[in-house]
Amino acid sequence: MWAILALTGRPAGAGGPDPLDELDLTDDTVIDTVVKESQRVLPSVAGSLPRRVQHDVEIAGSPPVPAGALLVASTVVEHRNPDVYAEPGAYRPQRWLDGSAQPGPYQFFPFGVGARRCLGAAFADLQLRVTLAVLARAGRWPRLLTTRVDHRNKSGVNMAPAGRIMVEAGDGRARRAPLTGAVTRLWRS
Ligand code: HEM
(Lines give C-alpha, C1' and ligand atoms only; values in the text may rest on other atoms or scores of the structure.)
Protein backbone atom coordinates (compact mmCIF):
# COMPACT_ATOMS: atom_id res chain seq x y z
CA MET A 1 0.00 0.00 0.00
CA TRP A 2 2.85 2.41 0.87
CA ALA A 3 4.53 1.44 -2.42
CA ILE A 4 1.39 2.27 -4.40
CA LEU A 5 1.16 5.56 -2.51
CA ALA A 6 4.79 6.34 -3.38
CA LEU A 7 4.02 5.66 -7.04
CA THR A 8 0.82 7.69 -7.19
CA GLY A 9 1.65 10.60 -4.89
CA ARG A 10 4.48 13.02 -4.44
CA PRO A 11 5.09 15.52 -1.64
CA ALA A 12 3.48 18.82 -2.67
CA GLY A 13 6.07 21.31 -3.86
CA ALA A 14 8.74 18.67 -4.45
CA GLY A 15 11.13 20.17 -6.94
CA GLY A 16 13.15 18.53 -9.68
CA PRO A 17 12.20 15.90 -12.20
CA ASP A 18 9.81 13.17 -11.20
CA PRO A 19 11.98 10.06 -10.69
CA LEU A 20 9.14 7.93 -12.01
CA ASP A 21 9.43 9.46 -15.48
CA GLU A 22 12.61 7.46 -15.96
CA LEU A 23 11.28 4.13 -14.71
CA ASP A 24 9.98 1.28 -16.87
CA LEU A 25 7.56 -0.28 -14.45
CA THR A 26 7.00 -3.30 -16.68
CA ASP A 27 10.60 -4.36 -15.99
CA ASP A 28 10.85 -6.77 -13.03
CA THR A 29 14.25 -5.42 -12.03
CA VAL A 30 12.77 -1.94 -11.80
CA ILE A 31 9.79 -3.21 -9.78
CA ASP A 32 12.33 -4.67 -7.37
CA THR A 33 13.92 -1.24 -6.89
CA VAL A 34 10.49 0.33 -6.31
CA VAL A 35 9.75 -2.23 -3.59
CA LYS A 36 13.10 -1.53 -1.90
CA GLU A 37 12.86 2.25 -2.15
CA SER A 38 9.29 2.24 -0.83
CA GLN A 39 10.36 0.10 2.12
CA ARG A 40 13.31 2.40 2.70
CA VAL A 41 11.35 5.65 2.75
CA LEU A 42 8.03 4.41 4.12
CA PRO A 43 8.79 1.24 6.09
CA SER A 44 5.70 -0.34 7.60
CA VAL A 45 7.63 -1.34 10.72
CA ALA A 46 9.00 2.10 11.41
CA GLY A 47 10.54 2.31 14.77
CA SER A 48 10.25 -0.58 17.08
CA LEU A 49 12.23 -3.80 17.26
CA PRO A 50 12.64 -3.76 21.03
CA ARG A 51 15.19 -6.01 22.69
CA ARG A 52 15.91 -6.35 26.43
CA VAL A 53 19.66 -6.25 26.95
CA GLN A 54 20.85 -9.40 28.80
CA HIS A 55 24.28 -8.13 29.88
CA ASP A 56 26.24 -4.88 29.75
CA VAL A 57 27.25 -4.15 26.19
CA GLU A 58 28.77 -1.48 23.96
CA ILE A 59 27.59 -1.16 20.40
CA ALA A 60 29.86 0.38 17.77
CA GLY A 61 31.60 2.66 20.27
CA SER A 62 28.39 3.67 22.06
CA PRO A 63 28.34 4.53 25.76
CA PRO A 64 27.91 1.34 27.84
CA VAL A 65 24.37 -0.04 27.67
CA PRO A 66 23.48 -1.69 30.98
CA ALA A 67 21.81 -5.08 31.37
CA GLY A 68 18.05 -4.68 31.58
CA ALA A 69 17.87 -1.68 29.24
CA LEU A 70 15.47 -1.73 26.33
CA LEU A 71 17.11 -1.16 22.94
CA VAL A 72 15.08 -0.13 19.93
CA ALA A 73 16.29 -0.09 16.33
CA SER A 74 14.57 2.30 13.98
CA THR A 75 14.25 1.79 10.23
CA VAL A 76 13.12 5.40 9.87
CA VAL A 77 16.43 6.56 11.34
CA GLU A 78 18.78 4.03 9.74
CA HIS A 79 17.13 4.19 6.31
CA ARG A 80 17.99 7.91 6.23
CA ASN A 81 21.67 7.67 7.03
CA PRO A 82 23.30 10.10 4.55
CA ASP A 83 26.55 8.08 4.70
CA VAL A 84 24.68 5.16 3.14
CA TYR A 85 22.00 6.88 1.04
CA ALA A 86 22.80 10.05 -0.88
CA GLU A 87 19.90 12.53 -0.56
CA PRO A 88 18.19 10.17 1.87
CA GLY A 89 14.87 12.03 1.79
CA ALA A 90 14.44 11.67 -1.97
CA TYR A 91 12.32 8.84 -3.33
CA ARG A 92 14.69 7.55 -5.97
CA PRO A 93 14.34 3.84 -6.89
CA GLN A 94 17.26 4.23 -9.33
CA ARG A 95 19.68 4.35 -6.37
CA TRP A 96 19.27 0.55 -6.08
CA LEU A 97 20.25 0.04 -9.74
CA ASP A 98 23.09 2.51 -10.17
CA GLY A 99 25.06 1.05 -7.25
CA SER A 100 24.77 4.14 -5.04
CA ALA A 101 22.71 2.24 -2.44
CA GLN A 102 24.60 -0.73 -1.05
CA PRO A 103 23.49 -0.93 2.55
CA GLY A 104 24.59 -3.58 5.01
CA PRO A 105 22.02 -5.64 6.95
CA TYR A 106 21.90 -3.07 9.80
CA GLN A 107 21.38 -0.19 7.36
CA PHE A 108 18.33 -1.57 5.52
CA PHE A 109 16.02 -3.79 7.54
CA PRO A 110 12.32 -3.42 6.65
CA PHE A 111 11.90 -7.04 7.81
CA GLY A 112 14.13 -6.76 10.85
CA VAL A 113 17.57 -8.28 11.12
CA GLY A 114 19.28 -11.20 12.83
CA ALA A 115 17.82 -14.33 14.33
CA ARG A 116 14.30 -12.94 14.63
CA ARG A 117 14.12 -11.50 11.13
CA CYS A 118 10.66 -11.77 9.57
CA LEU A 119 9.79 -15.35 8.64
CA GLY A 120 7.41 -14.10 5.95
CA ALA A 121 9.86 -11.68 4.30
CA ALA A 122 10.28 -13.59 1.03
CA PHE A 123 6.53 -14.18 0.80
CA ALA A 124 5.69 -10.52 1.57
CA ASP A 125 8.26 -9.30 -0.98
CA LEU A 126 6.81 -11.63 -3.60
CA GLN A 127 3.29 -10.34 -2.89
CA LEU A 128 4.54 -6.76 -3.30
CA ARG A 129 6.39 -7.46 -6.53
CA VAL A 130 3.51 -9.43 -8.05
CA THR A 131 0.93 -6.77 -7.12
CA LEU A 132 2.99 -3.95 -8.63
CA ALA A 133 3.91 -5.97 -11.72
CA VAL A 134 0.28 -6.93 -12.37
CA LEU A 135 -0.79 -3.29 -12.03
CA ALA A 136 1.98 -2.17 -14.37
CA ARG A 137 1.28 -4.81 -16.99
CA ALA A 138 -2.46 -4.21 -16.92
CA GLY A 139 -1.73 -0.54 -17.58
CA ARG A 140 -4.06 0.33 -14.74
CA TRP A 141 -2.07 2.48 -12.37
CA PRO A 142 -4.45 3.75 -9.71
CA ARG A 143 -5.04 7.49 -9.50
CA LEU A 144 -4.84 9.02 -6.06
CA LEU A 145 -8.00 10.80 -4.87
CA THR A 146 -6.99 11.36 -1.24
CA THR A 147 -4.07 13.77 -1.18
CA ARG A 148 -3.74 14.50 2.53
CA VAL A 149 -2.12 11.47 4.12
CA ASP A 150 -1.12 11.14 7.75
CA HIS A 151 0.25 8.08 9.42
CA ARG A 152 -0.25 6.41 12.73
CA ASN A 153 1.45 3.70 14.63
CA LYS A 154 -0.72 0.60 15.00
CA SER A 155 -0.01 -1.72 17.95
CA GLY A 156 3.17 0.25 18.65
CA VAL A 157 4.83 -1.37 15.65
CA ASN A 158 3.15 -0.98 12.27
CA MET A 159 3.04 2.36 10.48
CA ALA A 160 -0.26 2.70 8.64
CA PRO A 161 -2.28 5.53 7.12
CA ALA A 162 -4.33 7.35 9.74
CA GLY A 163 -7.41 7.40 7.51
CA ARG A 164 -8.66 5.90 4.29
CA ILE A 165 -6.73 6.45 1.10
CA MET A 166 -9.05 6.52 -1.90
CA VAL A 167 -7.80 5.65 -5.37
CA GLU A 168 -9.53 4.98 -8.68
CA ALA A 169 -8.42 2.69 -11.45
CA GLY A 170 -6.22 4.69 -13.78
CA ASP A 171 -5.90 4.98 -17.52
CA GLY A 172 -2.49 3.41 -17.79
CA ARG A 173 -0.24 6.38 -17.11
CA ALA A 174 1.43 6.83 -13.74
CA ARG A 175 0.36 10.40 -12.91
CA ARG A 176 1.36 11.61 -9.50
CA ALA A 177 -0.86 13.77 -7.35
CA PRO A 178 0.67 16.31 -4.92
CA LEU A 179 0.54 14.97 -1.39
CA THR A 180 0.28 16.85 1.88
CA GLY A 181 0.10 15.62 5.46
CA ALA A 182 2.38 14.12 8.05
CA VAL A 183 3.57 11.36 5.74
CA THR A 184 5.43 13.91 3.62
CA ARG A 185 7.71 14.65 6.57
CA LEU A 186 9.07 11.13 6.16
CA TRP A 187 9.46 11.44 2.46
CA ARG A 188 10.82 14.53 0.81
CA SER A 189 12.39 14.98 -2.57
C1 HEM B 1 5.50 -6.18 4.24
C2 HEM B 1 5.13 -7.10 5.11
C3 HEM B 1 5.90 -7.45 6.37
C4 HEM B 1 6.76 -6.67 7.10
C5 HEM B 1 7.20 -5.24 6.85
C6 HEM B 1 7.21 -7.50 8.21
C7 HEM B 1 8.12 -7.09 9.17
C8 HEM B 1 8.58 -7.88 10.20
C9 HEM B 1 9.61 -7.48 11.15
C10 HEM B 1 10.31 -6.13 11.18
C11 HEM B 1 9.81 -8.52 12.00
C12 HEM B 1 10.84 -8.59 13.11
C13 HEM B 1 10.28 -8.19 14.45
C14 HEM B 1 11.39 -8.14 15.48
O15 HEM B 1 12.56 -8.33 15.18
O16 HEM B 1 11.07 -7.90 16.65
C17 HEM B 1 8.90 -9.58 11.60
C18 HEM B 1 8.80 -10.80 12.23
C19 HEM B 1 7.98 -11.82 11.81
N20 HEM B 1 7.17 -11.83 10.69
FE21 HEM B 1 6.93 -10.31 9.38
N22 HEM B 1 6.61 -8.73 8.13
C23 HEM B 1 5.82 -8.74 7.02
C24 HEM B 1 5.07 -9.80 6.55
C25 HEM B 1 5.00 -11.04 7.12
C26 HEM B 1 4.27 -12.16 6.58
C27 HEM B 1 3.47 -12.13 5.28
C28 HEM B 1 4.43 -13.18 7.46
C29 HEM B 1 3.90 -14.58 7.42
C30 HEM B 1 3.50 -15.19 6.31
C31 HEM B 1 5.28 -12.72 8.53
C32 HEM B 1 5.68 -13.46 9.62
C33 HEM B 1 6.54 -13.06 10.60
C34 HEM B 1 6.94 -13.85 11.76
C35 HEM B 1 6.47 -15.27 12.08
C36 HEM B 1 7.84 -13.08 12.51
C37 HEM B 1 8.53 -13.47 13.84
C38 HEM B 1 9.86 -14.11 13.57
C39 HEM B 1 10.57 -14.47 14.88
O40 HEM B 1 10.33 -13.81 15.90
O41 HEM B 1 11.41 -15.38 14.86
N42 HEM B 1 5.61 -11.39 8.29
N43 HEM B 1 8.18 -9.16 10.50
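Student: What does the protein give to the iron atom of the ligand as a donor?
Tutor: A single donor, the SG atom of Cys118, 2.2 Å away. Donors are N, O and S atoms within 2.8 Å of the metal (3.2 Å for Na, K and Ca); water is not among the atoms, so sites may look incomplete.

Student: What kind of model is this?
Tutor: It is a predicted model: local features need pLDDT of at least 70, side-chain atom pairs count only at pLDDT 80 or more, and totals for chains, interfaces and linings use all residues. Residues are numbered from 1 along each chain as its sequence is written, and side-chain values use heavy atoms, with hydrogens and water left out.

Student: Where does Cys118 lie?
Tutor: In the loop between α3 (75–78) and α4 (121–137). Helices (H or I, at least four residues) and strands (E, at least two) are DSSP runs, numbered from the N terminus.

Student: Which residues come nearest to the ligand?
Tutor: Arg51, Phe111, Gly112, Arg116 and Cys118, out of 14 residues around the ligand. A residue counts as near if one of its heavy atoms lies within 4 Å of the molecule or strand in question.

Student: What do Arg51 and Arg116 do there?
Tutor: Each has a side-chain N or O atom by a ligand oxygen. For Arg51 the distance is 2.6 Å. For Arg116 it is 2.9 Å. A polar contact is a pair of N or O atoms within 3.5 Å; within protein, one must be able to donate a hydrogen and the other to accept it, and residues adjacent in sequence count only if both atoms are side-chain atoms.

Student: How does the shell around the ligand split by class?
Tutor: There are 8 nonpolar, 3 polar and 3 charged residues. Ala, Val, Leu, Ile, Met, Phe, Trp, Tyr, Cys and Pro count as nonpolar, Asp, Glu, Lys and Arg as charged, and the others, Gly among them, as polar.

Student: Zooming out. How many helices and strands does the protein chain have?
Tutor: 4 helices and 8 strands. From the N terminus on, the order is α-β-α-β-β-α-α-β-β-β-β-β.

Student: And what does the radius of gyration of the protein chain agree with?
Tutor: With a compact globule: 189 residues would give a value near 16 Å, and the chain has 18 Å. The radius is taken over C-alpha atoms, and the globule rule is 2.2 Å times the number of residues to the power 0.38. Along its principal axes the C-alpha trace spans about 60 × 35 × 35 Å.

Student: What share of the residues is buried?
Tutor: 40% of the 189 residues. Buried means under 20% relative accessible area, exposed over 50%, partly exposed in between (1.4 Å probe, protein chains only).

Student: Next, Arg40. Buried or exposed?
Tutor: Arg40 counts as buried because its relative accessibility is 0%. Arg40 is found in helix α2 (residues 28–41). Its side chain reaches the backbone oxygen of His79 at 2.9 Å.

Student: What else does Arg40 touch?
Tutor: Besides His79, the list has Tyr85, Pro88, Ala90, Arg95, Trp96 and Phe108, not counting residues up to four places away in sequence. Contact means heavy atoms within 4.5 Å.

Student: What about Leu42?
Tutor: Leu42 lies in the loop between α2 and β2. Leu42 is buried, at 3% relative accessible area. Beyond four places in sequence, Leu42 touches Trp2, Met159, Val183, Leu186 and Trp187.

Student: Which side chain makes a polar contact with Tyr91?
Tutor: The side chain of Ser38, at 2.9 Å. Tyr91 sits in the loop between α3 and α4 and counts as buried at 3% relative accessibility. Tyr91 and Leu20 are 71 residues apart in sequence, with their C-alpha atoms 9.3 Å apart.

Student: Is Ala60 buried or exposed?
Tutor: Exposed, with a relative accessible area of 85%. Ala60 lies in the loop between β2 (51–52) and β3 (70–71). Glu87 counts as exposed too, at 57%, and lies in the loop between α3 and α4.
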